[in-house]
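This briefing covers aromatic rings and their surroundings. Have the model open as you read.

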Amino acid sequence: MYPYWLYPFTRGLRPVLRLIWRFRVEGEASAMPRRGPMIVAANHSSFLDPWFVCVMLPQNVRFVVTRQWFYKSPFWEWFLTTYGCIPVHADGGEATTRAAAPR
């Protein structure tokens, strides 16, 4: 199991972060399940986007991250592991799907 301890900390910052960045969820947010697996396709316009998605969603999110970023340094490996990120090869479509599938 992955150490998701950063999620409660991050969500605790939600009110402050909303004041600074003025987040909003667009689309059919009411159709998103509150529990269980789902795929979120976010508009990736900033390096902080994955973190913002974690802040806004009620459930824990697992991201696929290219091995290039995942193993860039010991800090990144620790940080991405605490968020439950999954290291994948950038060109491995089918392997990425298998790695991200719930077990």
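Phe75 and Trp78 lie three residues apart in helix 5 (residues 74-82), so about one helical turn separates them. Helices here are DSSP runs of H or I with at least four residues, and strands are runs of E with at least two, numbered from the N terminus. This is a predicted model: local features need pLDDT of at least 70, side-chain atom pairs count only at pLDDT 80 or more, and totals for chains, interfaces and linings use all residues. Residues are numbered from 1 along each chain as its sequence is written, and side-chain values use heavy atoms, leaving out hydrogens and water.

**Aromatic pairs**
- Rings of Phe, Tyr and Trp (its six-membered ring) pair if their centres lie within 6.5 Å; planes under 30 degrees apart are stacked, over 60 edge-to-face, the rest tilted.
- That rule gives seven aromatic pairs.
- Phe70 and Tyr71 are edge-to-face because their ring centres are 4.9 Å apart and their planes meet at 70°.
- Phe75 and Trp78 make a tilted pair, at 5.9 Å centre to centre and 40° between the planes.

**Accessibility**
- Buried means under 20% relative accessible area, exposed over 50%, partly exposed in between (1.4 Å probe, protein chains only).
- Phe70 is buried at 4%, whereas Tyr71 is partly exposed at 41%.
- Phe75 is partly exposed at 49%, and Trp78 is partly exposed at 43%.

**Charge over a ring**
- The charged end of Lys72 sits over the Trp69 ring, 4.8 Å from its centre.
- Such a contact requires NZ of Lys or CZ of Arg within 6 Å of the ring centre and within 35 degrees of the ring normal.
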